[in-house]
Structures are given as structure tokens and as C-alpha cells.
Amino acid sequence: MKLELRGITKRFGQLVANDSINLVVQPGEIHALLGENGAGKSTLMNVLYGLYQADEGQILLDDKAQKFSGPGDAMASGIGMVHQHFMLIPVFTVAENVALGNEPTGLFGTFKLAEARKRVVEISDRFGFNVDPDALVEDLPVGVQQRVEIIKALSRDAKVLVLDEPTAVLTPQETDELMAIMRQLAKAGTSIVFITHKLREVKEVADKITVIRLGKVVGDAAPDASTSELASMMVGREVDLTVTKRQASLGDEVLRVENISVLDDRNQRAVNGVSFMVQRGEILAIAGVQGNGQTELAEALLGLRPVIKGSGSISINGEHRKSQASVRDVLESGVGFIPEDRKKDGLVSEFTIAENLMLNASYKSVFTKGLNINFAARKKISKDLVERFDVRTPSADHLAGKLSGGNQQKVVVARELYRKVDLLIASQPTRGVDVGSIEFIHEQLVAERDAGKGVVLISTELDEVLALADRIAVMYRGQIIGIVGPETSREQLGKMMAGVAA
Amino acid sequence: MSWLKPVSGINSEERVGFKSPIVMGVLALVVLYFFGIAGRSGQTVFELTRKQDLIQLPVFEIASAQLGVITGVIMLLVAVVSLLLSLRNSKTPIWLVSIYGLLGVTALLGWLAADNTVPVVFIAGTALVLAVPIMLGAMAGVMSERSGITNIAIEGQLLTGAFMAAVVSSITDNFALGIFAAMFTAALMSMVLAVFAIKFLAQQIIVGVVLNVLVIGITNFLYQQWLTEDGENVNFPGTLDIIKIPFLSDIPILGPVLFENRITVFAALLIVPLLWFVLFKTKLGLRARAVGEHPLAADTVGINVSRTRFWWVTIGGAIAGLGGAALTVGNAGAFGREMSGGFGFIALAVVILGRWHPISAALAALLFGFSIILRVWANQVSPGIPTDFITMVPYIVTIIAVVGFVGQSRPPKSLAIPYMKG
């Protein structure tokens with residue numbers, strides 16, 4: 001089926017998320033929609049899927065204008081969508097999820113589970129998905145959940161399949177499998193819209209590339225365009241994708257983790273007997289697919305989450321940390337922390353930038369005068385930090401929540417690096433951040449390393465890991481599967497991320 | 001975010017604890033000592049059938065203290081089995097806990113009725129009748145909460161239903177009209193909750209509380225100003241006729257308990273399995289549960305979240321209204337000030353105790369019905385015993401049940417979270 005978007009405009013109040021976007025996807029074509037975080041890709045697809053109504057413009061399928069008042073209409077017209085955050089009910093089985101909204105029914109509206117199962121098995125077999133129709137979705141690995149989403153779309157005879165950032169949660173192997181599936185579907189005639197910000201994947205699988213920046217189409221490209229060409233189209237200026245860093249000059253050991261185990265919120269052992277150490281002057285990257293215990297490990301290092309009693313120990317600067325050390329104790333011992341979810345754990349959105357900058361030192365003499373806040377000092381320090389860390393804001397008295405993702409993250413980084421730290425733990429420091437801010441944050445991490453600090457970088461982005469790390473520890477199912485050098489190949493790291501020991 | 005679960009296969013730290021054997025052991029010793037060894041003298045007679053029943057079963061007579069000793073010992077044995085199971089890290093099965101509970105209740109009844117009789121059919125039948133308003137209130141709760149809306153207003157809906165059933169039945173002299181009015185008005189009240197929760201994204205607990213206070217205020221006012229003045233004309237509906245279902249009502253014990261009742265009880269006995277069927281076996285139920293768990297996901301497959309929630313809450317309200325009618329025309333025969341007396345809140349607890357499952361919730365409601373009749377009956381047979389103490393017993397049984405097999409319950413994920421589109 002041929003899909004055409006003509007002059008789609010979508011506004012949210014003042015913000016123009018999509019500015020008269022035109023796009024044509026031919027039948028059987030894999031069309032990549034490339035753009036930075038916040039460029040308006042997902043908004044566009046939500047318009048296509050009927051979740052949002054466009055303010056202007058038209059959607060055409062096989063040259064016929066369509067009017068979608070909800071996802072139901074879009075689906076009925078043959079559009080299927082695999083959302084970035086899966087739209088699956090965790091407590092339902094695969095068959096129930098696939099059938100939902102399109103249920104085979106019998107007398108009195110009874111739900112025919114057997115028929116729903118059959119449909120899943122049929123599609124699963126046809127494409128070799130290997131999905132159990134009776135498994136509860138919450139028990140499935142994310143890669144399989146994604147396949148359930150694809151089955152869901154196919155079971156509704158989707159002729160146009162939209163995949164929104166589908167590789168964010170996958171291992172490199174699962175990504176390869178997904179690409180094979182995409183090619184297979186395209187060959188069978190399905191048109192595929194592949195939304196991503198990862199250049200490598202676009203080049204590998206797309207037939208055609210449309211680049212979007214700040215809500216506008218900036219141009220088309222062929223998959224044989226060079227990476228730097230695509231990157232500069234996406235960002236709007238020349239981008240230096242490589243991080244330059246000197247040879248590491250290793251110093252004393254700053255962090256030693258010995259055999260610790262940590263429970264997650266569901267009382268499952270999320271970190272299981274993890275040991276590693278970090279020296280001054282190096283960046284140790286902890287790589288791995290999301291949800292393999294990295295979050296819990298970071299929280300345990302900071303003291304937010306208890307280490308299972310008697311399971312092991314953490315030493316900072318050679319000093320044994322008390323097992324029930326408070327977060328403040330840990331921070332005082334010279335640790336800086338960039339949390340993975342800045343909106344939830346990094347900032348108070350309703351506070352100003354200046355207020356956010358003093359959060360981790362609110363009790364210290366630099367910010368206080370007796371029981372009061374030393375406003376003059378805070379003003380001076382925050383002004384200084386906003387400049388030094390290139391936070392794009394009219395003033396430090398603006399609300400942190402109003403900043404863009406990249407600038408919010410810079411505020412967090414500024415706050416953590418303002419104190420003298422020996423060890424910086426950065427958890428997903430560039431997630432959802434624009435390329436300019438990514439470059440800046442990467443420079444800061446390397447600068448810390450070169451200044452003789454130890455850096456732990458927890459990241460699920462292999463590109464980031466390979467660009468920055470001096471050593472790479474790969475986490476899988478709560479364990480460190482191996483610690484390898486930065487020259488290790490992508491394939492090798494991918495295998496390790498899928499649980500194959502080095 | 002639920003989809004960001006760690007991959008499966010990470011070792012589970014969950015262990016079956018020793019809570020159930022400890023609680024069961026202690027209570028078995030209590031039964032053994034207080035009802036058995038230090039029990040009361042005298043014979044207890046268990047009357048399994050009533051005089052008017054077609055099939056007569058022989059009465060079962062035993063010395064009260066002896067019964068206490070026997071049940072106490074068996075309960076202790078069950079506790080030991082539970083201990084062995086816990087040592088092997090497996091859970092005590094639900095049927096064993098049920099047997100244990102039943103033994104405990106038997107011991108209690110036998111102890112209370114020393115030198116007296118235990119009318120089994122009367123107690124079970126009345127427990128059911130008293131449980132009906134709670135049960136129907138709980139069904140309203142299940143319907144609304146499964147679709148994602150907290151319904152604190154069940155209390156108000158019961159009260160509304162009770163009032164309307166009594167008044168409309170009295171004025172029109174027609175029970176059908178009265179019951180219809182009860183269901184209709186309570187459904188209207190639910191609509192208010194639904195509209196505030198869905199359309200205006202209001203805090204559902206606050207709306208619920210306000211509705212409750214409002215209904216208490218209105219019914220109190222009308223009761224004082226109108227029903228007490230003109231009671232004979234507007235608050236004298238009497239009760240529905242008792243219907244005997246041929247043949248089925250002749251089954252010993254179960255027959256008179258289940259099949260010789262007023263229409264309100266029969267309705268409850270039908271609604272509970274029907275709701276289970278709709279919720280778990282039909283398209284509508286699948287969709288409602290999806291809406292309560294993950295409304296955005298439901299929306300993306302073309303399910304109208306607002307409409308689904310609206311109708312599940314509204315129809316739930318109608319069922320609660322029927323529960324209210326069961327209080328007046330189904331039991332008391334007239335409306336009394338604030339006569340729902342917290343049943344609506346008990347219904348909320350029953351929903352959670354029954355883990356949002358209609359059948360389990362109905363059983364939990366029965367437990368509360370039993371506790372009410374137990375207090376009344378115990379007062380008659382053993383006036384010396386403080387009734388507050390007796391009333392505690394079913395709740396202790398509940399605690400055992402919760403500790404023993406309910407475990408951690410998991411509410412619908414999007415309960416009480418308004419769904420905003422776009």
C-alpha cells in the first residue's frame with residue numbers, strides 16, 4: 001500500500017511539532033524517518049495512527065484521502081504501529097494481547113481464545129517468530145514482546161507498518177533479527193516506516209531516508225550517503241562524531257566493588273555477585289541491554305538501594321563503605337551521580353535552575369548563612385555554572401522543567417561536577433538528549449577522566465560505550481559477563497550482551 | 001514502567017515463610033484450650049435440617065468440650081502439615097486452609113451453643129441474606145475498579161438504593177418499580193462519579209467521599225422531614241415474597257439456604273457468576289480489564305477507554321443499587337437512617353480481599369454476613385459472653401485466610417489514574 005502524508009502540521013500550543021511535512025512511502029519500501037530526539041518523528045506517526053489529529057494536511061493511502069478519528073480507524077485502513085513503549089497488557093497472554101480490540105467472538109460475545117491462539121501461531125510460524133501464544137507478556141524478554149507487537153499489527157492485516165525507535169531496547173543480535181524481519185515483510189509487500197536516530201541502522205536497512213529536524217523535513221537521502229552527511233543533515237551543522245581523548249594515565253584505585261547482590265522492587269535478585277574496580281583516570285563503561293540490573297547497580301553504588309546483607313562490599317578510595325551508608329555519606333565521600341531518568345531523579349522540574357543546582361549541597365556553607373540560604377552566593381555560583389556548562393537559558397531563575405532535555409541534563413552534570421568528586425557515576429547521561437548536548441556531555445566526562453577522576457559510565461548505547469570507554473564491563477541478567485578492552489568488536493560485545501561469555 | 005522488566009530468569013528471592021503454620025498453630029492451641037480443655041460443660045446439638053423440611057437429617061449431638069478437643073487436635077495436625085510444607089518451601093494449599101477455617105468455626109459454634117442447639121440452616125441462610133448487600137456492593141466495586149476507577153461511593157449507592165426501593169415500593173405498591181428505581185438512581189449516582197473521573201479527571205476518592213456525604217445528608221433530611229411524618233404511606237413497603245424453587249429447595253441443608261429466598265438473593269447468586277463470565281470469558285470483559293491495566297494500549301487498538309469506563313462504572317452502580325434494595329425490601333422491610341451502616345466500605349475491603357475477582361469477593365462477603373449473624377445468634381444462646389469478642393472471630397479467620405493463601409494482591413495497574421488522551 002502506498003502511504004502519502006501531505007502538508008501535515010501539528011501544533012501543541014505555541015510549539016509546532018510538525019510543520020507541513022510531506023512524505024511518500026511506496027509499497028514494499030522500508031522508509032527510514034531519521035531525526036534527533038524531539039525532532040517530531042513520534043508526533044508525526046501518532047498523527048498517522050490517529051492518536052493525534054493534525055491541524056492541517058492530509059493522509060492518503062493508495063492516493064485516497066483518509067480521515068482517522070482514532071487508532072481504530074487507522075488500523076481498519078491497514079496501518080499498524082509498533083510503539084516505542086510497547087502497547088501490551090503485561091498481565092495478559094500473548095494471544096489475548098494480539099486479539100485485543102479485534103477479538104474473535106462466539107455466542108453472547110464470548111471470547112474465542114482457541115481461535116486467537118491459532119492466529120498467533122499461524123503468523124508466528126509464517127515468519128519464524130517462535131512466540132508462545134499462552135505466555136504472559138510480562139514474563140517475556142523485550143525482544144519477544146516486540147515480536148508480539150508485530151504479530152498484533154500483522155493479525156490486523158497491516159499494509160503499512162510503523163516501527164517507532166524499535167531498536168532502543170534490543171541487543172545487537174535482536175536488532176539484526178528485527179532487520180531481517182523488516183526485509184522479509186517488505187518483500188511480502190508491506191510498506192515499513194522505520195523511525196530512528198541511529199545512523200548505522202538506517203544505512204543498513206532503509207531503501208529511502210527522510211530526515212526531519214525541528215518538525216520540518218530537511219531532505220531525503222539514499223542509504224549509501226555517508227554517516228557524517230546524514231548526521232549533519234539531522235543536526236543542521238557539521239558534527240564531530242568521534243570523541244578525541246588522550247591515552248589514559250591510570251592512578252590509584254577509586255572504587256572497588258566486590259561480589260555485591262541487589263534486589264529490585266519486586267524482590268528479585270537484579271544484581272547478582274558483581275565485582276569490578278575503577279582507577280583514577282579511566283572510564284569504565286557498563287554496557288548491556290536495558291533491564292539487566294544496571295539501574296539497580298547504580299542505585300546500590302549510591303546507597304539508594306541496599307546491598308543484600310553479607311553479599312559483598314563496596315570500597316571508595318580504599319575505604320570500606322558501611323553497608324547501610326546513607327546517600328549523603330556516599331556523596332560526601334567524593335561521589336558524583338548522574339541518574340538515568342533526569343525528570344524523575346535528576347531534577348525538581350518545579351524548581352528553578354539555581355535551586356536545582358544547590359540540591360546536593362543545600363546544607364553546605366557555600367549556599368547557607370546560618371539557617372538561611374545565602375542568595376547572593378547562590379546567584380553567583382549558579383550564574384557561573386550556567387555559563388560554564390553552556391546551559392541555554394535566559395537566566396538561572398528559570399524553571400528547570402521548562403528547559404530542553406539536553407539543557408536539563410547539563411544542569412544535572414553541572415551540579416554534580418561543581419563539587420570536588422573523585423568518582424563520577426553517570427547512568428545513561430545522554431538519553432533523550434540532542435546531539436550538541438551529547439557532544440558537550442561526552443567532553444565533560446572525558447575531561448573528568450583526564451583530570452584524574454574515576455568515571456563509571458552506565459550506558460545501553462553501544463556507540464557511546466565504544467566512543468568513551470577505556471574498559472567495558474558487559475552486564476547480563478545481573479551479572480558481569482566479562483570486562484574487555486575498548487578495541488573489542490561490536491559483534492563480540494553484542495554476543496556478550498546476549499549472555500555469551502567472552 | 002512495566003514493560004521495562006528485567007529479562008526473566010533472574011533468581012527469585014521469594015520464599016514461602018512460616019507465617020501460616022505459626023498463625024494456624026497458635027489458633028489451634030487457643031481452640032484446644034479454651035473450647036476444649038477449659039471449655040464449657042453441656043451438650044451441643046447441631047440441627048442440620050429444619051422441622052418443615054421434606055428430608056430430615058438426624059441431629060448431631062456431642063459434648064461441647066469434647067468437640068473443642070477433637071477440632072483443636074485436628075487443627076493442630078493441619079498446622080503441622082502446613083509447617084512441613086513450609087519447610088519444603090511450598091505453600092499451604094487453599095483447600096487445607098478452608099478445612100482449617102471450617103473446623104475453627106464448628107468449634108466456635110459448638111462452644112457457644114453448649115446446652116443448646118446450633119440451627120445450621122438458619123445461620124447459613126441468614127448469613128447469605130445479610131451478605132447480599134455487601135456482595136452486590138463488592139460486584140459494583142469489582143466492575144468499576146477493573147476498568148480503572150476507584151469507587152468509594154458504594155456506600156452512598158447502597159443507601160440510595162435502600163431509600164429508593166423502600167419509598168417507591170411504598171408509594172406505587174409495586175416492588176418491581178421500587179427495585180428499578182433503586183438501580184436507576186444508584187446508576188445515575190455512578191454516572192456522576194464516572195463523568196467527574198473521566199471527563200474532568202477529578203480525584204476519584206474525593207468525588208466518592210463527597211457523593212457519600214451528599215447521599216447521607218439527603219436521605220437523613222428526607223427521612224426526618226418526610227418518612228417519619230408519613231411513614232405508613234411512604235416507608236412501609238414490607239418485604240418481597242420468599243420464593244421456593246421446586247425440588248432444588250428440598251436438597252438437605254443447601255436447599256433451604258440457597259433455593260428458598262427472596263428475589264434479591266437469587267439475583268445476587270446469578271450476578272456473581274455472570275460477572276465472572278463476562279469479565280473473564282467475553283470480549284467485553286477482556287476490554288474492560290485492558291482498560292484498567294493499560295488504557296493507552298487499549299486506546300491504540302481502537303478501544304474507547306472513556307466509554308468503557310463509563311459503562312462499567314454505571315452498570316456497577318445499578319448493581320449496588322440492587323444491593324441497597326436488598327437491605328430494605330429484601331430484608332428489613334423499611335428504610336432506616338443511614339441503614340447501609342458501612343456495608344459499602346466493607347464491600348471495598350471485600351473487593352481487595354477477593355483480589356478483584358467476583359467469586360472470591362462474593363465468598364469474602366459471605367464471611368462478613370456470617371460475622372453479623374454470629375453476633376446476633378451468640379447473644380441469644382450465650383448471653384454471658386461479650387458479643388464484641390464473638391464478632392472478632394470471623395475477622396481472625398479472615399486474617400488467617402489472607403496470611404495463608406491470598407498473599408500479595410495486585411490491583412489493576414491503572415486504578416484511580418485518569419486517562420488523558422494525547
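Reader: Which strands form the open sheet in chain B, and in what order?

Author: The general idea is that strands of a sheet pair through backbone hydrogen bonds, either parallel or antiparallel. Here, in a predicted model, three strands of chain B form an open sheet in the order β2-β1-β3, with mixed pairing. Strands (E, at least two residues) and helices (H or I, at least four) are DSSP runs numbered from the N terminus, and two strands pair if DSSP finds at least two bridges between them. At the edges sit β2 (60-63) and β3 (116-119) of chain B, each pairing on one side only. Neighbouring strands of this sheet are turned by 25° against each other on average, direction ignored.

Reader: How many bridges join β1 to β2 in chain B?

Author: Four, between β1 (residues 43-47) and β2(B), and the two run antiparallel. One to look at: Val45(B) has Glu61(B) in β2(B) as its bridge partner.

Reader: Before we go on, how should I read the numbering and the confidence limits?

Author: Residues count from 1 along each chain as its sequence is written, while chains are lettered from A and ligands numbered from 1 in the order in which they are written. As the model is predicted, local features need pLDDT of at least 70 and side-chain atom pairs count only at pLDDT 80 or more, but totals for chains, interfaces and linings use all residues.

Reader: What lies across β1 and β3 of chain B?

Author: Helix α4 (residues 120-146) of chain B does, running at about 45° to β3(B). That angle is taken between N-to-C directions, from 0 to 180 degrees, with axes as lines fitted to C-alpha atoms, for helices over the stretch in contact.

Reader: Which residues have the most contacts inside the largest nonpolar core?

Author: In soluble globular proteins, nonpolar side chains tend to be buried together. The largest core here has 265 residues, and those with the most contacts inside it include Val162(A), Phe194(A) and Met135(B). α4(B) gives the most to this core, with 14 residues. A core is a set of buried Ala, Val, Leu, Ile, Met, Phe, Trp, Tyr and Cys residues joined through C-beta atoms within 7 Å; buried needs 20 or more other C-beta atoms within 10 Å of the residue's own, placed from the backbone.

Reader: What is Met135(B) in contact with?

Author: Leaving aside neighbours within four places in sequence, Met135(B) is in contact (C-beta atoms, placed from the backbone, within 7 Å) with Ala268(B), Val272(B), Ala362(B) and Ala365(B).

Reader: And which residues of α7(B) are buried?

Author: Among them are Gln204(B), Val207(B), Leu211(B) and Tyr223(B). Their cover includes α5 (154-172), α6 (175-198) and α8 (231-234) of chain B.

Notes
A residue is buried if 20 or more other C-beta atoms lie within 10 Å of its own, exposed if 12 or fewer, and partly exposed in between; C-beta atoms are placed from the backbone. Two residues are in contact if their C-beta atoms, placed from the backbone, lie within 7 Å.
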